[in-house]
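Here are some notes to go with your first look at this one. Have the structure open beside you while you read.

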Amino acid sequence: MTPAGVCVIGAGWAGLAAAVRLTQAGEAVTLLEAAPHPGGRARGVDLAGTRLDNGQHLLLGAYGETLDLVRELGVQESAAFLRLPMDLGIRRAGSADIGLSSLYLPTPLHLLGGLLTARGLPALARLRALPGLARLMRWQGQEDCSVLALLHRYRQPGCLIDGLWAPLCVATLNTAPERASARLFTAVMRGAFSGHRSHADLLMPRGSLSAALPDPAVRWLRAHGARVHTRTRVQALQPHPGGGFTLALRGGDTLAAKRVVLATAHPEAAHLLAPLPGLADTVDRLRRLETEPICTVYLQYTESARLPTPLLGLLGTTGQWVFDRRFVGEPGRMAVVISASGPHMALDRQALAGRIREELAVFFPEWGRPRQSWVIRERQATFRAGVDCDALRPDNATPLPDLWLAGDYTATGLPGTLEGAVISGVQCARAMTQTTRGTTPAP
């Protein structure tokens, strides 16, 4: 291959964001992706002739860097996402539904007012929760603790913890509340509920996520002179004594690059970094940063099957959130998301789909039996957002001056979200550009 100025390894959302921003800054960029298609852990896949995402994703209106990048790539938000005011319904068999809506009030009153008027929760519990919730939103303790411990510290009633805060913790951090980082949970809460009311909006992808960012990013990069190679796996990095790297590619080819952005998932990053000098501490931290899975079970019912709202939470079941894809043009198709680890990971695909089908039949017997089902597991979907995990998360810069890291696992202050990935890529590109120009990278 032709020598690269900057080689970005990995075309997930962090790598794509870094490649676009570096190209905008005038860098000669080569992007390498091992898979046949870009997008990493958030992209469209074809299963037996059906186009699905490799997981049902949901974005927040607070995802400013992601939405800015989408717009800059020429994609209209309304074409890529269905924007919904936050209106969460959560159901448990034999109990009244729980409902929380974000009201049209100034921040943070839209959250406090939403909790005060929440449906399906005792009035006394809602009143008791308000003072503690206001303090919880402002909490930025120097010492991290679990989300569950923080909720107890601020006297959140058990019915709210079980019926609302715990499901939201698992959904946003992909980690159970008894082990999840309170620092990261409150960062998400402040992002959604401390800015403009629209920051709490929910954005559901229309069609495939690939059409929202990965595919437009690749088209943009090629149109602006960057080289993009898929099905190209980097097997090793070999540093040059005078700076730069030779990349050993699968199949025996090599590529020379002045600088490298390693934008793979962190387990693969640790593997590629391990042989390099001066990176033992970084590799050790990455290896101690554990992962969590996400499973999505898609079920195709008749077109008459529908939810009253685009998504519904479930309690006491294996499935946690049900998305009605009728709202994005796929009538009768339900996507059931199961975040974090649990006993369901021991089930094979057929058994897991059967369990989800039986659970939905309890709530919606009128749907009948689905005609078809698909199970997609991302076994290392995110890093585990556990207590003190920030101590394990590296900066974009590494001890090798020509080697940089990008990915949701870097020190962004957010859990493993699409926004965290894009922020990491943007921050990485900005720091590299400032270093090239001889200025001090912004924090």
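This is a predicted model: local features need pLDDT of at least 70, side-chain atom pairs count only at pLDDT 80 or more; totals for chains, interfaces and linings use all residues.

1. Where does Glu378 sit, and is it buried or exposed? Glu378 belongs to strand β18, and it counts as buried because its relative accessibility is 18%, with the cut-off for buried being under 20%. With Asn54, the link is a polar one: the two side chains make a polar contact of 2.9 Å.

2. On the helix side, the buried residues are Leu352, Ala353, Gly354, Ile356, Glu359, Leu360 and Phe363. Residues three or four places apart in an α-helix point the same way, because there are 3.6 residues a turn.

3. How many residues does α12 have, and how far does it reach? The helix runs over residues 349–363, which is 15 residues, and spans 22 Å from its first C-alpha to its last, close to the expected 21 Å. Have a look at its start too: there a side-chain oxygen of Asp348 comes within 3.2 Å of the backbone nitrogen of Gln350.

4. Next, the pair α1 (residues 13–24) and α2 (residues 64–72). These helices pack at an angle of about 60°, and their axes are 12 Å apart. That angle makes α1 oblique to α2, and the crossing is left-handed. If you want to see who meets whom, pick out Trp13, Ala17, Val20, Arg21 and Gln24 on α1, which meet Thr66, Leu69 and Glu72 on α2.

5. Most residues other than glycine have a negative phi. Arg155, however, has a positive phi of about 55°, and Arg231 has a positive phi of about 50°. Arg155 lies in the loop between α6 (147–153) and α7 (158–173), while Arg231 is in the loop between β10 (227–229) and β11 (234–239). Arg155 counts as exposed because its relative accessibility is 63%; Arg231, at 60%, counts as exposed too.

Terms used: Residues are numbered from 1 along each chain as its sequence is written. Side-chain values use heavy atoms; hydrogens and water are left out. Helices (H or I, at least four residues) and strands (E, at least two) are DSSP runs, numbered from the N terminus. The expected span of a helix is 1.5 Å times one less than its number of residues. Buried means under 20% relative accessible area, exposed over 50%, partly exposed in between (1.4 Å probe, protein chains only). A polar contact is a pair of N or O atoms within 3.5 Å; within protein, one must be able to donate a hydrogen and the other to accept it, and residues adjacent in sequence count only if both atoms are side-chain atoms. Axes are lines fitted to C-alpha atoms, for helices over the stretch in contact, and angles run from 0 to 180 degrees between N-to-C directions. Angles under 35 degrees count as roughly parallel, over 145 as roughly antiparallel, 65 to 115 as roughly perpendicular and the rest as oblique. A crossing is left-handed if the near helix is turned anticlockwise from the far one by less than a right angle, and right-handed if clockwise. Contact means heavy atoms within 4.5 Å.
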